Amino acid sequence: MRFIITIIVAALLLQSCAGTATDPVLKPAGDFQQELKVFWEQDSTTPLHPEEKADFKGITFYPLSKDYIVDARFTPIDSGATLAMPTSAKKTKYFKEYGKLDFTLKDTAVSLIIYQADPPHAQDPDGLFLPFTDKTSGHTSYGAGRYIDLSVKDIRNGILTVDFNKAYNPYCAYSVHYNCPIPPATNRLQVAVLAGVSYSQGQH
């Protein structure tokens, strides 16, 4: 009898995992994570320099979760200020305040500022940049923070959907050869974002 129960439980677990993998809501993030993993781990595409590859432990993720997909109320920032954002290489990159995002995450009211490169990138003029830190930063995610890429085209009727399952680390998490913006104090979340790329010091 116990053996039969074990088989049933295992089957239910497998069914649950399969459902998550094929869930249309989570599939875009799942595809993104797979592409990111291949990008970093494949020799022909990895940004790692040759001497860094031997110590690279790969890309890891928190479990996919619908709890970290939010519909944020978008408020444009007219004549937004241009922020001189310091970088990991002690240089400066410039980003203009594009809008404010307000939403609730894990029963916590959250506000974030979303930015656009100043000047906008020629290859992606509609691109938006959401850098942030949270309660996992320096513990189970990269200490200097993570990023999410969005687009002006994603804003619909004053709503911008943010999928934290697509949060990723800057190149600087794995390599000393890059110059990565540090998220500003305005984007420090007082909640743990257990979604997207995870990280430990042994991963580089």
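Which helix and strands each supply at least two residues of the lining of the largest pocket? In this predicted model, they are H2, S4, strand S5 (108-117), strand S6 (127-132) and strand S7 (146-151). H2 gives the most, with four residues. The space in the largest pocket comes to about 700 Å³, and of the 30 residues that line the largest pocket, His121, Phe129, Tyr147, Asp149 and Tyr168 are the closest to its centre.

Two or more lining residues come from each of H2, S7 and S8, and S8 gives the most, with four. Nine residues of the lining of the second largest pocket are nonpolar, one is polar and five are charged.

Helix H2 covers residues 27-41 and reaches 21 Å from its first C-alpha to its last, close to the 21 Å expected. Its buried residues are Ala29, Gln33, Leu36 and Trp40; seen down the axis of H2, they fall within an arc of 65°, so they line one face of the helix. Among the elements that cover the buried residues of H2 are strand S1 (60-61), strand S8 (159-163) and strand S9 (197-198).

Strand S4 (residues 92-105) contains glycine 99, which is buried, with a relative accessible area of 0%. Leaving aside neighbours within four places in sequence, glycine 99 is in contact with Phe74, Thr75, Pro76, Ile77, Leu112, Ile113 and Ile114.

Conventions. Residues numbered from 1 in each chain as written. Predicted model: local features only at pLDDT ≥ 70, side-chain atom pairs only at ≥ 80, totals over all residues. Heavy atoms only, no water. Expected span 1.5 Å × (residues − 1). Buried < 20%, exposed > 50% of the residue type's maximum accessible area, 1.4 Å probe, protein only. Arc of directions from axis to C-beta. Contact = heavy atoms within 4.5 Å. 1 Å grid on protein atoms, 1.4 Å probe; cavity = no way out; pocket = protein on both sides within 12 Å on 5 of 7 lines; lining within 4 Å. Points joined across faces, edges and corners; volume = space filled by probe spheres on them. Nonpolar A, V, L, I, M, F, W, Y, C, P; charged D, E, K, R; others polar.
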